[in-house]
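Have the viewer open as you read.

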Amino acid sequence: MGKVQTVKMVVTGPFAAGKTQFIQTISEIEVVSTERKISSESERIKERTTVAMDFGRITVDEDLVLYLFGTPGQKRFDFMWEILSEGMLGFIVLIDSVRPETFREARNILDTFRAYAPTPYVVAANKQDMEDAWSVEDLRIALRIEDGVKVLPCVATDRESVKRVLLELLYSILERMDAEEAESE
Amino acid sequence: MALKGNLRDFSITQLLNLINLARKTGTLTVERSSERADLCFREGKLVYASLGNQHNRLDQILLKAGRLTTEQTRLIQAQVNATDDKELGLWLINAGYVTQKDILQSVRQHMLEIVYQLFTWTDGKFRFEPNQLPPPERITVPIGLENVIIEGTRRMKEWEQLQDELPDLDMALRFTDRPGTSLRNISLSIEEWRVISFINPRNTIRQIAQATNMSEFQIRKIVYGMLQAGLVELVRPEGREVAPPSRGGERREAPLPPPAQRPPAVKRSVVMRLIDRIKQL
Ligand SMILES: Nc1nc2c(ncn2[C@@H]2O[C@H](COP(=O)(O)OP(=O)(O)OP(=O)(O)O)[C@@H](O)[C@H]2O)c(=O)[nH]1
Ligand SMILES: [Mg+2]
């Protein structure tokens, strides 16, 4: 039996923020996702929603694999959140930059995840390609993001953009590791 | 005439057949070691089922069926007397949480799960108390026994097969290292996703079943499917016994430590390798 190490990162955020898209763009496998057609009128801003989670993968080499888990956006599936957050290396909060009505919820999601695990995270302001997108600076204020936390522009359909967000999260993780090491010396 | 005995001599299939054919009314109680199941029948139809070690209350049934969230059940418990299922059901419908159909479907599903589980009991004392029906505050749903017997027998065969294929629930699971191949086009249920998210060489299959509130049959079936699909493989459990907590699984004895106390042990070099890989993509 091999000694493959798996590490996990979670992509969270409100309904329709682009979580599935984000993982789909970077995953080497087709995203395994439990989606279904949306029935309620109020949520019909798109056809399908994730009901349990998305699951993507990036193989680093034969003994290291990164899993990306996307949380379901709808509130009634939030029992998945805590399960998904177990053992994560870090997380990404995706914001729908064109729908301010979801900002409050994004903030709640952020707080919830922070309570689950003290791991590093970044905020990605998604859909920056759209005309109505709020700027990163405004979003930082609107969502009351702390100074030490990165708020990054993102277009989840664009591979380079998704890569940049993942890299920034990994840099934050490195910084945290270095800081903790310095502390223990 | 007392209907009493042991499942060793008279199986669940035979009992249900008898109750069905004789159109019996009453309660069948089955006990083995610390477990106890009660099945109530009216004129040969199953109308109510409860299992001693499971959530049998309506709010818990709805939670398990995904019709309510943990948060909602907490709020509800604070607001309404949750011991009377009928009262609670009416309240939930009036408050717009669920529909009557949701309730009936979830209760039906819950009852069926219990009966099917009983098919896997090969040992245990039973007795049938004629004319005894469930307490009036419980919600009853009539289910014909013919199909239950057919499906239960099918599952029993499957169960025997699964026990041969996957004998040891004290093994742990991990994701296989063959990327790309079999994951495509897999469509997983919420139950399966729940299991997936607990997969970790530290968690035994038994612990995953406990944490996700699944019966041995359910967990065996899911794990077997995943093994067949090449998604996971069996490994000896590593180190301490730790299962991640889930807000869905309220009834565990000792509370597990919150995940905040268990950051993953990932080395700096691992993060460096991830960075290099993503840069190349
Ligand atoms: N223009 C634009 N559209 C995007 C971007 N990211 C996602 N979308 C679109 O936004 C919609 C929602 O994306 P999803 O990936 O389904 O969102 P989600 O967060 O997974 O949604 P739920 O699972 O339902 O919570 C889809 O129609 C996407 O194509 C983006 O960066 N730019
Ligand atoms: Mg989605």
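## A covered strand and some salt bridges

In this predicted model, strands β5(A) and β6 (residues 121-126) of chain A run parallel and are paired through six bridges. Within that pairing, A:Val93 faces A:Val123 of β6(A). To get from β5(A) to β6(A), the chain passes through helix α3 (residues 103-116) of chain A, and this β-α-β crossover is right-handed.

β5(A) has another parallel neighbour: strand β1 (residues 5-12) of chain A, joined to β5(A) by four bridges. Here A:Val11 has A:Ile92 as its bridge partner in β5(A).

How many residues of β5(A) are buried? Seven of the seven, across residues 90-96. In a regular strand, side chains alternate between the two faces of the sheet. In β5(A), one side carries A:Gly90, A:Ile92, A:Leu94 and A:Asp96, while the other carries A:Phe91, A:Val93 and A:Ile95; both faces are covered.

Stepping back, chain A contains five helices and seven strands, in the order β-α-β-β-β-α-β-α-β-α-β-α from the N terminus. Of its 185 residues, 59% are buried. Among chain A contacts with a separation of 6 or more, 68% are between residues 24 or more positions apart. The chain exposes about 7,900 Å², and carbon and sulfur atoms contribute 47% of that area.

Now for the charged pairs.

| Pair | N to O distance |
|---|---|
| A:Asp61 and B:Arg273 | 3.0 Å |
| A:Glu168 and A:Lys150 | 2.9 Å |
| B:Arg127 and B:Glu31 | 3.4 Å |

Take the salt bridge between A:Asp61 and B:Arg273. A:Asp61 sits in strand β3 (residues 48-61) of chain A and B:Arg273 in helix α10 (residues 268-280) of chain B, so this pair joins two chains. A:Asp61 is partly exposed at 28% relative accessible area, and B:Arg273 is also partly exposed, at 29%.

The salt bridge of A:Glu168 with A:Lys150 links helix α5 (residues 159-184) of chain A to the loop between α4 (136-142) and β7 (151-153), with 18 residues separating the partners. A:Glu168 is partly exposed at 23%, whereas A:Lys150 is buried at 19%.

In chain B, the side chains of B:Arg127 and B:Glu31 form a salt bridge. B:Arg127 belongs to strand β5 (residues 125-130) of chain B and B:Glu31 to strand β2 (residues 26-32) of chain B, so the pair ties together parts 96 residues apart in sequence. B:Arg127 is partly exposed at 33%, and B:Glu31 is partly exposed at 33%.

Key:
Residues numbered from 1 in each chain as written. Chains lettered and ligands numbered in written order. Predicted model: local features only at pLDDT ≥ 70, side-chain atom pairs only at ≥ 80, totals over all residues. Heavy atoms only, no water. Buried < 20%, exposed > 50% of the residue type's maximum accessible area, 1.4 Å probe, protein only. Pairing = 2+ DSSP bridges. Right-handed = clockwise from strand over helix to strand, strands pointing away. Contact = heavy atoms within 4.5 Å. Areas by Shrake-Rupley, 256 points an atom, 1.4 Å probe, with all protein chains shown as cover. Salt bridge = Lys/Arg side-chain N within 4 Å of Asp/Glu carboxyl O.
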